[in-house]
Amino acid sequence: MDEPIQKMEKDCSAIVDAQFPEIEAHAKVGRTTKALEQLLVLEKQTRSSADLASSTRVLKKFIQVTFEAQDWKLMQEYIVLLSKKHGQLKQAITRMIQESMECLEKTPDMKTKLELIDTLRTVTDGKVYLEVERARVTRILAKIKEDEGNVNEAADIMQDLQVETFGSMEKREKTDFILEQMRLCLLKRDYVRANIISKKINIRYFKETEVQDLKLRFYDLMIEYSLHENEYLQVCKHYRQIYDTPIVKADPAQAKKAVENAVLFVVLAPFDNEQSDLIQRVYIEADEVDTPVYRDLLKCFITTELMRWAMIEQIYGPTLGQNTALATGDEASRKRLKELHNRVVEHNIRVIAKYYTRITTKRLTQLLDLPDKDCEEFLSKLVVSKTIYAKIDRPAGIVSFAKSKHANEVLNEWSQDINGLLGLIEKTCHLITKEEIIHSITKVI
């Protein structure tokens with residue numbers, strides 16, 4: 001946060017320039033206490049004079065002197081002491097904190113590093129002008145905890161900060177921080193919180209070309225979440241967003257992988273109006289990339305023709321088996337393979353319902369390659385979801401796809417058919433009369 005403009009009572013730069021060589025000389029020969037005492041006097045002068053530039057130099061010199069002496073305890077004491085000085089300029093404190101943060105990677109051991117981090121987090125707590133520094137230190141602490149195997153603790157530490165409210169943090173860094181929060185939540189298997197955090201990111205920001213790396217990270221995390229929730233249609237949408245990224249389109253291998261996964265998951269998604277529309281869009285994108293097997297598989301689902309599961313396995317199985325979503329051999333992969341079989345059966349039922357008004361259960365089982373019980377289960381599920389209309393007459397062994405109509409509906413249809421027929425007769429009579437008149441005139445001539 002920018003420091004309010006204050007009237008500088010006195011320029012202390014000359015005094016600072018004059019005393020710094022002496023202070024540095026004391027520090028080099030090990031007289032750290034003498035150097036720090038002299039700095040304290042200088043700090044009071046610059047603070048009283050409201051000289052921002054000189055105050056900043058003095059505060060940073062405290063950190064440099066204690067660092068050169070490798071006295072980390074003393075550094076922490078002065079960080080706390082100086083940050084509490086009444087009237088000290090906020091920008092000067094910010095520069096001091098930033099200077100001390102640069103020492104984090106130079107600490108001799110992990111214990112010292114954690115103590116310094118704890119001091120910095122304590123000093124920055126509750127100070128709006130130090131919110132960005134606190135977030136950065138917190139992220140370092142979370143990384144340490146994660147490396148130690150304490151994923152839950154690392155995720156909890158990151159959740160303490162609501163970076164979306166930080167006005168002084170740049171948008172890119174803010175988005176990167178939120179993505180890290182999402183990653184740790186997914187690692188912790190806290191999927192509900194991960195989804196909530198994802199809402200903090202405005203996806204319109206990803207239209208900017210310089211944040212394509214953040215866009216890919218975001219959608220990779222969203223794919224992980226959607227796969228856990230079995231939201232296959234959402235997974236397809238995420239892969240389409242990945243494919244729509246310029247750096248992905250520029251790489252044929254990445255583009256092909258994105259489209260293939262989009263095809264697979266739109267096929268796995270349950271049928272509805274949105275899925276039906278999306279499958280057509282994905283088919284167009286599959287034409288843009290060299291994926292003949294996936295494109296042909298998608299065409300099978302678009303075409304209103306029956307598919308045999310045995311043939312699907314034979315033709316597309318080897319290629320689909322190489323996809324990471326189906327090739328891992330774990331429970332999730334087996335579940336997705338079963339879902340693919342289910343979608344083939346559901347597609348076949350929709351095709352049969354389109355071409356048949358009535359069919360015997362025996363013939364239906366032959367067309368679907370399923371036993372009676374499974375056929376009835378699939379039919380019931382599609383009827384409940386209102387994808388098709390069907391009634392099963394078990395004693396007669398007949399499935400009717402024709403929707404029963406009310407007497408008024410039948411009468412209205414009959415009336416419309418009669419009106420149409422009478423209209424055709426009238427038009428025919430008119431044409432015959434016209435031909436007779438033309439014939440008679442031609443005969444007279």
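UniProt, in an unreviewed entry, lists residues 234-406 as "domain: PCI"; its positions are given in the numbering used here, feature names are shortened, and annotations may be inferred rather than shown by experiment. Over residues 234-406 the chain is 69% helix and 5% strand, with 40 Å between the end C-alpha atoms. Helices (H or I, at least four residues) and strands (E, at least two) are DSSP runs, numbered from the N terminus.

A quick word on ground rules. This is a predicted model, where local features need pLDDT of at least 70 and side-chain atom pairs count only at pLDDT 80 or more, while totals for chains, interfaces and linings use all residues. Residues are numbered from 1 along each chain as its sequence is written, and side-chain values use heavy atoms, with hydrogens and water left out.

**The largest pocket**

The largest pocket holds about 310 Å³ of space. Of the 15 residues that line this pocket, Lys 199, Phe 218, Met 222, Gln 234 and His 238 are the closest to its centre. Helix 10 (191-198), helix 11 (212-228) and helix 12 (232-243) are the elements that give two or more residues to the lining, and helix 11 gives the most, with 5 residues. By type, the lining splits into 6 nonpolar, 6 polar and 3 charged residues. Here Ala, Val, Leu, Ile, Met, Phe, Trp, Tyr, Cys and Pro count as nonpolar, Asp, Glu, Lys and Arg as charged, and the others, Gly among them, as polar.

Points are joined across faces, edges and corners, and the volume is the space filled by probe spheres set on them.

**Rings**

The structure holds 8 aromatic pairs. Rings of Phe, Tyr and Trp (its six-membered ring) pair if their centres lie within 6.5 Å; planes under 30 degrees apart count as stacked, over 60 as edge-to-face and the rest as tilted. Two of the pairs involve Tyr 219:

| Pair | Centre to centre | Plane angle | Class |
|---|---|---|---|
| Phe 206 and Tyr 219 | 6.3 Å | 55° | tilted |
| Phe 218 and Tyr 219 | 5.0 Å | 75° | edge-to-face |

Phe 206 sits in the loop between helix 10 and helix 11, and Tyr 219 in helix 11, 13 residues apart, so this pair links distant parts of the chain. Both Phe 206 and Tyr 219 are buried (buried means under 20% relative accessible area, exposed over 50%, partly exposed in between, with a 1.4 Å probe and protein chains only). Phe 218 is buried too, at 5%. Ring pairs link Tyr 205, Phe 206, Phe 218 and Tyr 219 into a cluster.

For Cys 236, the nearest cysteine sulfur is that of Cys 300, 17 Å away. Cys 236 is buried at 0% relative accessible area, whereas Cys 300 is partly exposed at 23%.

Ala 50 has a positive phi, near 55°. Ala 50 lies in the loop between helix 2 (32-48) and helix 3 (52-68) and is buried, at 16%. Lys 386 has a phi near 65°, again positive in a residue other than glycine. Lys 386 is in the loop between helix 21 (372-384) and strand 2 (391-393), and is exposed, at 75%.

Key:
On a 1 Å grid over the protein atoms alone, a cavity is a set of points where a 1.4 Å probe fits but cannot get out, and a pocket is an open set with protein on both sides within 12 Å along at least five of seven lines; lining residues have an atom within 4 Å of a point. A disulfide is a pair of cysteine sulfur atoms within 2.5 Å.
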